Amino acid sequence: MADNKYTPKTIDKSFIIPLYQRLFEWEEAQVLQLLNDLYSSFKKTPESPYYIGMLTAFEASEKHYSLVDGQQRFTVLTLMGIVLDWKGFLKVDDKLRLSFFARKKDEAYLNSLINKSSSEYTNRRMKVGIECIQKFMADKDENFKNYIYTQTTFFISELPKYYNLQDLNRYFETMNEAGKGLENHEVLKVILLKKVTSENYNQYTINYNQYTIIWNSISEMDKCIIRQKEKERQEDYKNRNASIFKETSFGKVFGNYTKDNSEENILSLKDIQPTPKKPSEAQLERNEKAMLSFTDFLLQVLWLCLLKENRKKATDFFNRNKLLETFETHIKNEGNDGTVGIDTFFTNLLKFRVLFDYYIIRLNSSDERNITYSLNQVTEGSDSQSKQSLIHYQSMLYVSTEPHIWLTDFLEYLRDNENTMVSINDSLQWLQNWDNQRWANSNISLIYGSINRYWFWRLDYYLWARRNEYFTDNETKEIADKYVFRSNRSIEHIAPQTPKTESQVEFKEGLHHKFGNLAMISAGQNSSLQNSSFEMKKAYVQAFISKSVGGSIQSLKMLSIYQYDTWNEENIKQHHNKMIDVLIKSFGYSQETGIMVFNNFN
């Protein structure tokens, strides 16, 4: 991926600012921000690149590129080169590396700065930039100066040669209207598509166009690739997905493809840039949101493409801020020596996205307070309860466990069984078995300060699954039935050690931090109820049960606690052991024979 990655030391192209480009506009604050960011990066990781993003260029001649986007950044690099005396960077064959098509005064002024000669004309902003850089660099050592020269890193995206002046003007205007720079995944798209090669030109064109369509479609994570058609029966939708799973090919997903009709279907490189377009009405109506961002999904698929022995060697793999570096390390044109080939990656990108859309839950609101989950997988027969159980279990894992921990193995399981159309019951059983296995033979602490929040969420799932047993009156049954898993939870004492309001609850100090006296609620509710007495918290839950307080229950464990009239040492112990018993039985064990070790009261 280094073929279009440059630093001031390695750049081998010269640029000209075209007629339609605006003037250099950066003020001192923007130049200083870049310098401060560079210095912070140098102090933190002096051997790592500092990325300033993507420059977009068009090959105007054999030796010159028209700089369509990135003038501000490259001009500042030129000003840095003047202050730090980067002779090899500033000129090529005694000609300016950065020149101006229609602003000869600016070009002459820049040349005078490089040659340290006088000039009748002064570009005010360039002068301010030079002074800012000089002042900033006055007390910096040679190591930092060398860091800027060798580690300030940018990518160059070349626009297609068939673009005419009208295309370039339209492209530039689109960039200005968008008002923001490229995301890392947008930079990555340009880099990966440039890697698509073939000895046969026609085959190259087909691969390039197909991979462009795949990327553009998959990048819209909140919109399923294979969507249920209007008035399409559930069984027909299921069968359509089944046929695609058996052969997740480009043609199966996107229909017939020919070179003749490719031009009208393909988004060109200029469309990689961010645009202010609004979601379609259909998308707004469904209000869906994918569980993963596009960046996270790209990393997930690359991880799935790696051999398992090579995964062990990877470090900080799922850090989305290191997306470009991770792909540079693990993906090559052909894929060898433990790396992933470009064709393999795009094939799997499509395959796993189709599986992801059908088998993985989707969020139905971006508002945490009103979030619900849905699943495209079609219910077998009339057993809707199994589907609801699968949605709840996936949402429990979603809020409690990093996605790459459980999603990797689950997607591999789905891929290995794609020809058999995994059922809802099989999916649920597999996830539960996987989840149970990772905790087998564990010694688990449920004491405040060391407890993993996962255990509250897991407990809530099995309280929900057996809600008819644990919640006996109609009001609490209805509340438990509508329970929804949410992230951003905080652990709170039911009866605090030092309540801020009067309380009748008294018990030994050692009981405060036991699992029986703990519940998990939202950070906002924890803030409002923190150190409130048991009586006040119970009144809040009772108001919720009577529907005088809106929303949904924060925790089924909390709902279970407030079935007690009083909160004393005996009830804490009883509740503690009852909840431990629920957890142990969730693994298929009993208190007597279980291999899970929790902190119990005798």
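Which residues does Asn 111 touch, not counting residues up to four places away in sequence? They are Lys 91 and Leu 96, where contact means heavy atoms within 4.5 Å. This is a predicted model, so local features need pLDDT of at least 70 and side-chain atom pairs count only at pLDDT 80 or more, while totals for chains, interfaces and linings use all residues. Residues are numbered from 1 along each chain as its sequence is written, and side-chain values use heavy atoms, with hydrogens and water left out.

**The overall picture**

- The protein has 27 helices and 14 strands; these are DSSP runs numbered from the N terminus, with helices being H or I of at least four residues and strands being E of at least two.
- Of the 602 residues, 52% are buried (buried is under 20% relative accessible area, exposed is over 50%, and partly exposed is in between, with a 1.4 Å probe and protein chains only).
- Take the contacts with a separation of 6 or more: 74% of them are between residues 24 or more positions apart.

**Nonpolar cores**

- In the largest nonpolar core, with 125 residues, the members touching the most others are Phe 327, Phe 345, Phe 346 and Leu 349 (a nonpolar core is a set of buried Ala, Val, Leu, Ile, Met, Phe, Trp, Tyr and Cys residues joined through side-chain atoms within 4.5 Å).
- A second, separate core has 45 residues, including Tyr 50, Ala 57, Leu 77 and Ile 133.
- Leu 349 is in contact with Ile 214, Trp 215, Ile 218, Phe 297, Leu 298 and Val 301, leaving aside its neighbours within four places in sequence.

**Helix pairs**

- Helix H14 (residues 294-305) packs on H17 at an angle of about 115 degrees, with the axes 9 Å apart (axes are lines fitted to C-alpha atoms, for helices over the stretch in contact, and angles run from 0 to 180 degrees between N-to-C directions).
- The crossing of H14 and H17 is right-handed (left-handed if the near helix is turned anticlockwise from the far one by less than a right angle, right-handed if clockwise).
- On the H14 side the contact includes Phe 297, Leu 298 and Val 301, and on the H17 side it includes Phe 345, Leu 349 and Phe 352.
- Helix H1 (residues 28-44) and helix H5 (residues 124-137) cross at roughly 35 degrees, their axes coming within 9 Å.
- The H1 and H5 crossing is right-handed too.
- Among the residues that meet there are Val 31, Leu 35 and Tyr 39 in H1 and Val 128, Ile 133 and Phe 136 in H5.

- H20 (residues 424-439) has 16 residues and should span 22 Å at 1.5 Å a residue; its end C-alpha atoms are 23 Å apart, which agrees (the expected span is 1.5 Å times one less than the number of residues).
- The buried residues of H20 include Leu 428, Leu 431, Trp 434, Asn 436 and Trp 439.
- Those buried residues pack against H17, helix H18 (384-400), helix H19 (403-416), helix H21 (454-465) and helix H27 (569-586).
- Asn 436 is buried because its relative accessible area is 15%, and leaving aside neighbours within four places in sequence, Asn 436 contacts Arg 458, Ser 586 and Phe 587.
- After H20 comes Asn 441, with a positive phi near 60 degrees.

**Asp 460 in H21**

- Asp 460 lies in helix H21 and is buried, at 2% relative accessible area.
- Asp 460 touches Tyr 483, Phe 485, Ser 555, Leu 556 and Lys 557, not counting residues up to four places away in sequence.
- Asp 460 and Met 579 are 119 residues apart in sequence, yet 9.7 Å apart in space, C-alpha to C-alpha.

- Asn 111 sits in helix H4 (residues 104-115) and counts as partly exposed because its relative accessibility is 26%.
- Asp 85, in the loop between helix H2 (71-84) and helix H3 (87-90), has a positive phi of about 65 degrees and is partly exposed at 39%.
- Asp 94, in the loop between strand E5 (91-92) and strand E6 (95-96), has a positive phi of about 65 degrees and counts as exposed at 65% relative accessibility.
- Most residues other than glycine have a negative phi.
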